[in-house]
Structure formats: structure tokens, C-alpha cells
Amino acid sequence: SGKSESAGKVELINADKPVASITVPAYGSAELKPGAAFVRLLELKRELKAGDQLNVTVETDGGVAIAIAAVVK
């Protein structure tokens, strides 16, 4: 799951479809980018422009919160 102070809702997307989770291999990583897995913010609380930085927090299935500083593209 995810949350952000800039949006009312955060969705995980994979292959252009909302998903409940994104699998990351043990001791591995997942690159979030357009065309692959990415995070979509909905119900924005303010207008975002290219170059703006915002904070997003994603949570693992084990309940660990991971803070991400994201740049709007």
C-alpha cells in the first residue's frame, strides 16, 4: 500500500493495471518507472508540476514503511 500528503489515494500500477502488490525479490530491488511498475497518485491536493518533489510512503506486506522522495516528471 502507499500514502502521500500530496494525494488522497495512492495506487500501485503494473502493466497499466492497478495491482495489490509489486513483488521484489529477496535482497533485490524493483525499479518503478513508466511502462513497468509505478506509483500513481489520485485525488491530488494541489497541482503538481514537472520538477516538483513530493514524499510517498509505501508499505511492505510485513508492515515496514519505506519513505520515497519522488520527483514529478
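Visitor: What should I know before I look at the model?
Guide: The model is predicted, so local features need pLDDT of at least 70 and side-chain atom pairs count only at pLDDT 80 or more, while totals for chains, interfaces and linings use all residues. Residues are numbered from 1 along each chain as its sequence is written, and side-chain values use heavy atoms, with hydrogens and water left out.

Visitor: What is the volume of the largest pocket, and which residues are closest to its centre?
Guide: Rolling a probe the size of a water molecule over the atoms shows where empty space is left. On a 1 Å grid over the protein atoms alone, a pocket is an open set of points where a 1.4 Å probe fits, with protein on both sides within 12 Å along at least five of seven lines, and lining residues have an atom within 4 Å of a point. Grid points are joined across faces, edges and corners, and a volume is the space filled by probe spheres set on the points. Here the largest pocket has a volume of about 650 Å³, and of its 17 lining residues the closest to the centre are F38, V39, A70, V71 and K73.

Visitor: Which strand gives the most to the lining of the largest pocket?
Guide: Strands are DSSP runs (E, at least two residues), numbered from the N terminus. Strand 4 gives the most, with five residues, and strand 4 (38–44), strand 5 (53–59) and strand 6 (65–71) each supply at least two.

Visitor: How do strand 5 and strand 6 pair?
Guide: Two strands pair if DSSP finds at least two bridges between them. Strand 5 and strand 6 pair in the antiparallel sense over seven bridges, with T57 standing opposite A67 in strand 6. The two strands form a hairpin with five residues between them, and G63 in the turn has a positive phi of about 90 degrees.

Visitor: Which residues make up the largest nonpolar core?
Guide: In soluble globular proteins, nonpolar side chains tend to be buried together. A nonpolar core is a set of buried Ala, Val, Leu, Ile, Met, Phe, Trp, Tyr and Cys residues joined through side-chain atoms within 4.5 Å, where buried means under 20% relative accessible area, exposed over 50%, and partly exposed in between (1.4 Å probe, protein chains only). In this structure the largest such core has eight residues, namely A7, V10, L41, L48, L54, V56, V58 and V72. Strand 5 gives the most to this core, with three residues. Contact means heavy atoms within 4.5 Å, and L48 touches L41, L54 and V72, not counting residues up to four places away in sequence.

Visitor: Is S6 buried or exposed?
Guide: S6 is buried, because its relative accessible area is 3%. S6 is found in the loop between strand 1 (2–4) and strand 2 (7–14), and S6 touches L44, K45, R46 and L54, again not counting residues up to four places away in sequence.

Visitor: Where is Y27 found, and is it buried or exposed?
Guide: Y27 is found in the loop between strand 3 (17–19) and strand 4, and Y27 counts as exposed because its relative accessible area is 91%. Y27 also has a positive phi of about 60 degrees although it is not a glycine.

Terms used
Helix = DSSP H or I, 4+ residues; strand = E, 2+ residues; numbered from the N terminus.
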